[in-house]
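Thanks for making the time this morning.

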Amino acid sequence: MIFSAMLFYFDFISPYAYLAWTQLPALAARHERELVPVPVLFAALLNAHGQKGPAEIPAKRIYLFKDVCRKAHLLGLPPVVPPPAHPFNPLLALRAATFPADKDPAGQRRLIDELFAATWAGGGGVETDAAVGACAERAGFDAAAVLAYAHSEAAKLTLRQHTEQALGHGVFGVPTIAVAQELFWGTDSLPALQAYLLGNDPLT
């Protein structure tokens, strides 16, 4: 039996979203939860809440990249290799990530795997048509079809709707995992998410 879904609000621009994505499919399976990836535009969340991104604050930016490398090591992941530039424009990749969602959830997960790997595992980034198309092909899709969709008004509208949904849910950063009305923000919250799913959340 699959119980209520876990919504994963993410943007490829966040290395913490990448780390969380490597852990969440197995966590969701253990607790018989459906994991639903929801691409959102982090910059729009920041603007809505009047915040700066961590990479915009020099001291925090230095700490962030060191922290991500340490966390990746603790999780047993390969060394993190940042994209060629950061911050970067994630719009094309985010729109592409919604492509097969309604018809092929497994395919969507494969595409998200490839886009995250291209961003944070030495794949050279995801800002260009060529880069996103290559990810689509590795995920088993026709690159031309994915790119045509990613540039379409439908994809732009879907991403806007996802971002508005996140704001309506109270999301202020990425990654955020939502289970019913409870939000768990960042990779540091994964133990709290686990406790919640086990019925051991100290909050009532």
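Let me begin with a question: is Tyr 9 buried or exposed? Before I answer, please keep in mind that this is a predicted model, in which local features need pLDDT of at least 70 and side-chain atom pairs count only at pLDDT 80 or more, whereas totals for chains, interfaces and linings use all residues. Residues are numbered from 1 along each chain as its sequence is written, and side-chain values use heavy atoms, with hydrogens and water left out.

Tyr 9 is buried, with a relative accessible area of 0%, where buried means under 20% relative accessible area, exposed over 50% and partly exposed in between, computed with a 1.4 Å probe on protein chains only. Tyr 9 belongs to strand S1, residues 3-10; strands (E, at least two residues) and helices (H or I, at least four) are DSSP runs, numbered from the N terminus. If we leave aside neighbours within four places in sequence, the contacts of Tyr 9 include Val 38, Val 40, His 162, Gln 165, Ala 166 and His 169, a contact being heavy atoms within 4.5 Å. The C-alpha atoms of Tyr 9 and Thr 163 are separated by 8.7 Å, although these residues are 154 places apart along the chain.

That brings us to helix H8, in which Thr 163 lies. The buried residues of H8 are Ala 155, Leu 159, His 162, Thr 163 and Ala 166. They cover an arc of only 95° around the axis, which puts them on the same side of H8, the arc being that of the directions from the helix axis to the C-beta atoms. On the face of H8 turned away from the buried side we find the exposed residues Glu 153, Glu 164 and Gly 168, and after H8 comes Gly 170, with a positive phi near 90°.

H6 is followed by Gly 140, whose phi is positive, near 95°.

Now to the core. The largest nonpolar core has 60 residues, and those with the most contacts inside it are Met 6, Phe 8, Phe 12, Leu 24, Leu 115, Phe 116 and Leu 193; such a core is a set of buried Ala, Val, Leu, Ile, Met, Phe, Trp, Tyr and Cys residues joined through side-chain atoms within 4.5 Å. The largest share of this core, nine residues, comes from helix H1, residues 15-30. Phe 8, not counting residues up to four places away in sequence, touches Ala 17, Ala 20, Trp 21 and Leu 24, among others.

What about the aromatic rings? The structure holds 13 aromatic pairs, where rings of Phe, Tyr and Trp (its six-membered ring) pair if their centres lie within 6.5 Å, with planes under 30 degrees apart counted as stacked, over 60 as edge-to-face and the rest as tilted. The rings of Phe 10 and Phe 12 have centres 5.3 Å apart and planes at 80°, so this pair is edge-to-face, and both residues are buried. Phe 99 and Phe 141 also form an edge-to-face pair, because their ring centres are 5.7 Å apart and their planes stand at 85°. Phe 99 counts as partly exposed at 24% relative accessibility, whereas Phe 141, at 15%, is buried.
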